[in-house]
Amino acid sequence: MMLSELVSTAEAVAATSSRLAKIDALSQLLAHADADELPALTGLLLAAPRQGRLGVGWRGMSALDVTNAADATLTITDVDDALDTLAHTSGSGSTAARSAALTALAARATAPEWDFLSRSMRGELRTGALGGVLLDAIAKASERPAASVRRAAMLSGDLGVTARLALSGTAAELDAVGLEVGRPVLPMLASTAATPTAALEVTGRASVEYKLDGARIQVHRHGDEVGVYTRSLADITHRVPEIVEIVRALPAHDLILDGETLSLDEDGGPRPFQETMSRFGADVARELVLRPWFFDILHVDGRDLLDEPLSTRLHELERVVGEWRMPGIVTDDPDAAEQLSREALTAGHEGVVVKGLDAPYAAGRRGRSWVKVKPVLTYDLVVLAAEWGSGRRSGWLSNLHLGALDPTGEFGEPGEFVMVGKTFKGLTDELLRWQTEQFPPLETRRTQSTVFLRPEFVVEIAIDGVQRSPRYPGGIALRFARVKGYRPDKTPAESDTIQTLRALMRG
Ligand SMILES: Nc1ncnc2c1ncn2[C@@H]1O[C@H](COP(=O)(O)OP(=O)(O)OP(=O)(O)O)[C@@H](O)[C@H]1O
């Protein structure tokens with residue numbers, strides 16, 4: 001398939017706010033492609049190339065001195081080969097070779113193709129939350145039930161592989177995609193309620209558990225081999241040896257566990273989320289010891305548990321992980337749930353998650369089986385710009401301009417971000433330093449006071465609510481916004497939407 005066909009479809013998808021029209025356009029594209037092209041094609045569409053991180057940044061790309069081609073000649077396979085070369089060219093002395101490979105690719109691409117490719121390679125989604133739409137498009141193009149496609153995607157953790165199987169395999173092959181120890185699955189997510197009582201009304205009898213403000217981990221074990229993965233399925237095994245050791249000591253040979261990890265201070269209180277995440281990054285501060293709290297079990301010793309009700313899974317979890325279990329109670333009594341929530345907050349945690357006892361483990365859309373309750377309102381927003389600080393903060397990029405995702409294009413283009421406020425509250429010296437280093441490579445333009453950025457950084461913001469504001473394009477502004485920390489585990493497409501924030505006005 002020609003790259004130009006992919007690019008014009010991506011443009012058409014970005015240009016319409018109709019979910020059905022998006023599904024239609026994508027399913028036609030998928031049906032046209034050769035089966036072997038599908039993993040590469042889906043990776044490019046989702047701005048998550050199948051080769052993984054390519055290490056190409058805005059700076060490197062904008063420095064290329066190249067004239068794009070006049071005519072479209074590149075195929076998806078040509079691009080995939082070029083990305084293979086880039087991914088395999090690393091280490092010292094590779095800069096020139098990488099730059100040559102990029103230049104060659106840019107010279108073969110037309111201007112619109114190169115615009116698309118350079119965004120896709122850098123992991124920038126123009127098309128908003130495309131994953132769910134693509135799942136439905138795969139179902140439509142392959143004429144397989146959406147539920148089968150969704151399940152295969154959850155279990156393989158890979159939409160490209162799912163697309164190939166759905167479009168070129170048999171129905172039985174698609175349904176046979178199973179849980180595999182060592183291959184991470186998409187995590188189950190929660191919806192939100194205002195109080196534990198309201199959450200219980202949604203779920204019925206439930207496991208009410210502490211919600212720790214740490215980082216999600218999924219752990220796979222086969223004998224002595226242990227793998228630890230993040231919420232976005234990145235492998236962080238070598239960064240968390242203490243968790244590996246704990247999992248190796250559990251009484252099972254094969255295991256898949258879901259949980260949260262966090263480090264504690266000397267008094268046993270939780271350390272800030274930011275410190276936990278720093279352990280996942282490049283500079284490993286080993287003195288911060290992480291501990292896991294497991295809240296779900298998907299497999300144990302040859303037995304898949306994800307279709308079992310939570311009550312069965314919790315029983316197995318208790319048996320296998322013992323003291324490493326997430327604190328919680330099983331109840332249908334609102335008073336007991338409220339009491340546990342108060343306890344969690346007193347211990348410095350974020351709130352509770354209320355989980356229906358009959359529900360199987362299911363990933364994908366946010367379901368009603370898990371409901372989180374956080375008394376402090378926090379939202380994940382995208383940094384659109386930063387202003388130079390003054391006084392004690394002078395020389396640092398400080399006051400952040402915050403944007404909420406507009407997936408449907410109600411206030412502009414679909415997938416763009418609508419500004420909802422500014423804040424520098426909560427920014428520590430360390431964060432100021434970090435921002436000042438990280439932001440300039442993403443600069444799109446600047447004024448004397450402000451550096452405007454490509455929307456790549458997701459930041460978690462606590463607010464007291466929102467208020468009407470004629471000043472901002474979405475008609476609302478955040479009240480008392482303060483920074484809780486960056487969310488490197490989330491992409492801008494996973495950030496909170498303007499519609500979610502506007503709903504607070506009615507609530
Ligand atoms: N007991 C628990 N059960 C499930 N998830 C928990 C629990 N304690 C903490 N968590 C965390 O809360 C998250 C559940 O909320 P959600 O599915 O909305 O994910 P999220 O978008 O990362 O949310 P948040 O920003 O609130 O952590 C999980 O991803 C997990 O990291």
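Helix α7 (residues 111–121) has as its buried residues Glu113, Trp114, Phe116, Leu117, Ser118, Ser120 and Met121. Here, buried means under 20% relative accessible area, exposed over 50%, and partly exposed in between, with a 1.4 Å probe and protein chains only. Helices (H or I, at least four residues) and strands (E, at least two) are DSSP runs, numbered from the N terminus. Just after α7, Gly123 takes a positive phi of about 80°.

The model is predicted: local features need pLDDT of at least 70 and side-chain atom pairs count only at pLDDT 80 or more, while totals for chains, interfaces and linings use all residues. Residues are numbered from 1 along each chain as its sequence is written, and side-chain values use heavy atoms, with hydrogens and water left out.

In strand β5 (residues 254–263), ten of the ten residues are buried. In a regular strand, side chains alternate between the two faces of the sheet. Both faces of β5 are covered: one side carries Asp254, Ile256, Asp258, Glu260 and Leu262, and the other carries Leu255, Leu257, Gly259, Thr261 and Ser263. Two strands pair if DSSP finds at least two bridges between them. The table lists the pairings of β5.

| Partner of β5 | Sense | Bridges | Residues facing each other |
|---|---|---|---|
| β6 (residues 290–300) | antiparallel | nine bridges | Gly259 and Phe294 |

**Helices α3 and α5**

Helix α3 (residues 38–45) packs against helix α5 (residues 76–88) at an angle of about 75°, with the axes 10 Å apart. Axes are lines fitted to C-alpha atoms, for helices over the stretch in contact, and angles run from 0 to 180 degrees between N-to-C directions. The two helices are therefore roughly perpendicular, a term that covers angles of 65 to 115 degrees. Ala40, Leu41 and Leu44 in α3 meet Ile76, Val79, Asp80 and Leu83 in α5. By class, this contact has six nonpolar, no polar and one charged residues. Ala, Val, Leu, Ile, Met, Phe, Trp, Tyr, Cys and Pro count as nonpolar, Asp, Glu, Lys and Arg as charged, and the others, Gly among them, as polar.

**Residue Ile463**

Ile463 belongs to strand β16 (residues 458–463) and counts as buried because its relative accessibility is 3%. Contact means heavy atoms within 4.5 Å. Leaving aside neighbours within four places in sequence, Ile463 is in contact with residues including Leu377, Tyr379, Phe480 and Leu504.

Methods. Parallel < 35°, antiparallel > 145°, perpendicular 65-115°, else oblique.
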